[in-house]
Amino acid sequence: MKMSILAFGIVKEIFGASVLDIELTDAATVVELKIVLEQKYPRLKQLASYMVAVNNEYAGTNQIITGKDEIAIIPPVSGG
Amino acid sequence: MIEVKISGTALNIQSCIDWVMSPQCGGIDVFIGTVRNITKGKTVVRLEFEAYEAMALNEMRKIAEEVLHKWPVQKILIHHRTGVLQTGEVPVIIAVAAAHRGAAFEACRYAIDTLKKSVPIWKKEVFEDGEIWVAAHP
C-alpha cells in the first residue's frame, strides 16, 4: 500500500520533505515501518528516540497500519 | 473548564489570566515560558517552534483533562506558540485556577512538565554559528 508519512522537526530534514511517500506491505506494523524507514534513512537511528503516531495518537510497536491511517514520525519533543 | 490553543502570533498573558479567573477560585497559578538568550554558554539568536497541530492539541487536552481529574482545579488553560520567537518572547502559557493555592501550584507544574514530555512540538535553537533541534540527539 502507498503511504504518506508526515515528518516534523529534525525528521523533516532527514527526509528532505515534510511528507514522504513510501510503499509499505499491507497491514504492516509500526516496527516494520520503522525498519523500512531506517534502511532508507539511517540517520533516524542516530536520534535519541522517535515515536510513530497513528491518527494523532502515539502508537505501540505492534500496532497495525492501514491505508487510511494518518502516520507521523515524532522525534523527541521539545516544546515549552 | 479547559482551553487549549496553538497560535502563530503572540500569546496574550493578560487574556489567559482573565480566562481562568472565576469567583469560586481563590488562587491562580501561571507558568510563562520565555525565550532565554543563552544556552550552554552560546548566544541564542532566535527559536523556531513547529507543531503537529492536531495531535498537539489532542495531547494538550489530555493533560488538561488529567489535571481536572487529579486536582480540585476549576479551570486550566494551555496556550503554545509556533513560528519564530526572539529572546524574551513567550512560547508557552499555562494558567490554572483552583479554590486553594496548593492544587493550583501542583497542577500547573504537572501540566508544564508533562507538556514538555508528550506534546508534539519541536524547537530549533538558532545560534550565531549554527542551529540545533533541541533534544533530537543523545
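The model is predicted, so local features need pLDDT of at least 70 and side-chain atom pairs count only at pLDDT 80 or more, whereas totals for chains, interfaces and linings use all residues. Residues are numbered from 1 along each chain as its sequence is written, chains are lettered from A and ligands numbered from 1 in the order in which they are written, and side-chain values use heavy atoms, with hydrogens and water left out.

A:Glu57 forms a salt bridge with B:Lys62, the closest N and O atoms being 2.6 Å apart; a salt bridge is a side-chain nitrogen of Lys or Arg within 4 Å of a carboxyl oxygen of Asp or Glu. This pair crosses between chains, from helix α2 of chain B, which holds B:Lys62, to strand β4 of chain A, which holds A:Glu57. Helices (H or I, at least four residues) and strands (E, at least two) are DSSP runs, numbered from the N terminus. B:Lys62 is likewise partly exposed, at a relative accessible area of 34%.

Between chain B and chain A there are 3 salt bridges, and over all chains the structure holds 12. One of those between the chains joins the side chains of B:Glu50 and A:Lys12, at 3.2 Å from N to O. B:Lys124 forms another with A:Glu13, the closest N and O atoms being 3.5 Å apart. B:Lys124 lies in strand β8 of chain B and A:Glu13 in helix α1 (residues 9-15) of chain A, so the pair joins two chains. B:Lys124 is buried, at 9% relative accessible area, whereas A:Glu13 is partly exposed, at 39%. Within chain B, B:Lys124 also forms a salt bridge with B:Glu131, with 2.9 Å between the closest N and O atoms. B:Glu131 is partly exposed, with a relative accessible area of 47%. A network of salt bridges links A:Glu13, B:Arg46, B:Glu48, B:Lys124 and B:Glu131.

The contact (heavy atoms within 4.5 Å) takes 23 residues from chain A and 30 residues from chain B. The area buried between the two chains is about 2100 Å², of which carbon and sulfur atoms give 55%; buried area is the accessible area (1.4 Å probe) that two parts lose on being put together, summed over both. Across this interface, 16 residue pairs are in polar contact, both residues being at pLDDT 80 or more. A polar contact is a pair of N or O atoms within 3.5 Å; within protein, one must be able to donate a hydrogen and the other to accept it, and residues adjacent in sequence count only if both atoms are side-chain atoms. On the side of chain B that touches chain A, β4 (42-51), α2, α3, β8 (121-127) and β9 (130-133) of chain B each supply at least two residues. The residues of that side divide into 18 nonpolar, 4 polar and 8 charged. Here Ala, Val, Leu, Ile, Met, Phe, Trp, Tyr, Cys and Pro count as nonpolar, Asp, Glu, Lys and Arg as charged, and the others, Gly among them, as polar.

Helix α3 of chain B (residues 101-118) has 18 residues, which should span 26 Å at 1.5 Å a residue, and its end C-alpha atoms are 26 Å apart, in agreement. The expected span of a helix is 1.5 Å times one less than its number of residues. Among the buried residues of α3(B) are B:Ala103, B:Cys108, B:Tyr110, B:Ile112 and B:Leu115. The buried residues of α3(B) pack against β4 (57-58) of chain A, and against β2 (27-33), α2 (53-70), β5 (73-81) and β7 (92-98) of chain B.

Helix α2(B) also has 18 residues and reaches 26 Å from its first C-alpha to its last, close to the 26 Å expected. Its buried residues include B:Met55, B:Leu57, B:Met60, B:Ile63 and B:Val67. B:Glu53 lies in this helix and is partly exposed, with a relative accessible area of 42%. The C-alpha atoms of B:Glu53 and B:Val119 are separated by 9.6 Å, although the two residues are 66 residues apart along the chain.

B:His79 is found in strand β5 of chain B and counts as buried, at 5% relative accessibility. Its side chain and that of B:Glu3 are joined by a polar contact of 2.6 Å. Leaving aside neighbours within four places in sequence, the residues in contact with B:His79 include B:Val4, B:Leu11, B:Cys16, B:Pro91 and B:Ile93.

Methods. Buried means under 20% relative accessible area, exposed over 50%, partly exposed in between (1.4 Å probe, protein chains only).
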